[in-house]
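Subject: Structure for you to look over

Dear colleague,

I am handing over the structure we spoke about, and my notes on it follow below. Please read them with the structure open beside you.

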Amino acid sequence: MTEPATGVVDAADLDGSEAEERTEPAWGAVVSLALGVFGLVTAEFLPASLLTRLAQDLGVSEGAAGQAVTATAVVGAIAAPTMAIVTKWLDRRLVMWSLSVLLIISNLVAAFASSLTMLLLARVVLGVALGGFWSMSAAMALRLVPMRLMPRAMSIILTGVSVATVTAAPVGAYVGDIWGWRTAFMIAAVVGALALLAQLATLPSLPPTTVASFRTLLAVLKRPMIRVALLVVLLVASGQFGGFTYVRPFLETVPAMPIETISLVLLAYGIGGFFGNFAGAFLAERNLKMAVGLAPLLIALSAATLLVFGASPITAAVAVTAWGFAFGAVPVGLQTWLVRAAPDQAESAGGLMVATFQVAIALGAIVGGLLVDHAGVASAFAYGGVATLLAALVTFLMGPKQAD
């Protein structure tokens, strides 16, 4: 097929009418996806801020209740690469609507859970919605805006993550203390319903353009640039969660900050991530390699700063904020890279990225935990710094050669 007048490569093998439609960005639909992501990440984060009261009410230990988070991550890792295969004949609009319905159902089941089993069932449903929505969001964005606007579209979608990261835990904890943990899940269900209404109003019909299969996943995985991108995802995510997971004990012991100050520093981290998301999109539209490479490099520098100068409360606060800014810029660049590396199989590429990210989270948590137990908190930061530095080097040496 020929290239549309705007310069959008018709790599998804779309028919002429859809290729023409893609020349005009559907920003309303993109915003509706951002609302969906906000609802999903909010629901994902809720148990962490409600754990004590939730465990007491269900009559289980906090460790057992914490498996609600594990269940979501495990199921999400499985759902991400398989969602495009399971739904290969369905209109993508219908798929996203269905995943938002699952989000609502999950929160309602959690709100009325009378046992740990019922809560875990709710979190399994959330894992399906989370993994499926995440894996397909980049492919959806590719069909809603021209390729040149992909970083901007992904930045808008990922704003939902940034806002949820900043607000979900503190708001969830506040609501849980005032009205109970079940009310927090009810509010999350309302957020999901609002996202669904926005999607019903704005998402256009998007019939499947390719038929995904396990063979498709393997074929996409064989592409050299996809493998490089997934290696970067593995290094960045494992470094992030292997190191930053232990930032609170570090701040408590090294600069010896009081809990009130630590809360402010973590808020600064979240705000930094919010602005980093937009900075990442701005740079990705101009130079994708720099966007993907500079973010993990800044994380590595932040980790090194904490290790060397972290005893200074001001320096530690600045380093943590810079870390948040850098990690906020990571997803938009990586999502754009994956989509550009496999525009004809964007759903499969997105699924592989989400699955790799989930595996990297588990890997980082395991390695970081072992290091902290045997060599102290500083060793986890050292691992995070080395892993993200390697990610930056791989990107600069083997990453995308141009931004468009």
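In this predicted model, α13 (288-309) provides the largest share of the lining of the second largest cavity, namely four residues, while α10 (224-243) and α14 (313-341) are also among the helices that each supply at least two residues of that lining. The residues around the second largest cavity are Val232, Val236, Ala291, Val292, Ala295, Pro296, Ala329, Val330 and Leu334, and by class they comprise nine nonpolar, no polar and no charged residues. The volume of the second largest cavity is about 30 Å³, and a search of the whole structure finds two cavities of 30 Å³ or more.

Ala329, named above as part of that lining, also belongs to the residues of α14 that meet α12. What are the angle and the axis distance with which α12 and α14 pack? The angle is about 35°, and the axes lie 6 Å apart, with α12 passing α14 in a right-handed crossing.

Ala256, in the loop between α11 (247-253) and α12 (259-284), has a positive phi of about 55° although it is not a glycine, and Ala256 is exposed, with a relative accessible area of 52%.

With best wishes

Terms used. Residues are numbered from 1 along each chain as its sequence is written. This is a predicted model: local features need pLDDT of at least 70, side-chain atom pairs count only at pLDDT 80 or more; totals for chains, interfaces and linings use all residues. Side-chain values use heavy atoms; hydrogens and water are left out. Buried means under 20% relative accessible area, exposed over 50%, partly exposed in between (1.4 Å probe, protein chains only). On a 1 Å grid over the protein atoms alone, a cavity is a set of points where a 1.4 Å probe fits but cannot get out, and a pocket is an open set with protein on both sides within 12 Å along at least five of seven lines; lining residues have an atom within 4 Å of a point. Grid points are joined across faces, edges and corners, and a volume is the space filled by probe spheres set on the points. Ala, Val, Leu, Ile, Met, Phe, Trp, Tyr, Cys and Pro count as nonpolar, Asp, Glu, Lys and Arg as charged, and the others, Gly among them, as polar. Axes are lines fitted to C-alpha atoms, for helices over the stretch in contact, and angles run from 0 to 180 degrees between N-to-C directions. A crossing is left-handed if the near helix is turned anticlockwise from the far one by less than a right angle, and right-handed if clockwise. Contact means heavy atoms within 4.5 Å.
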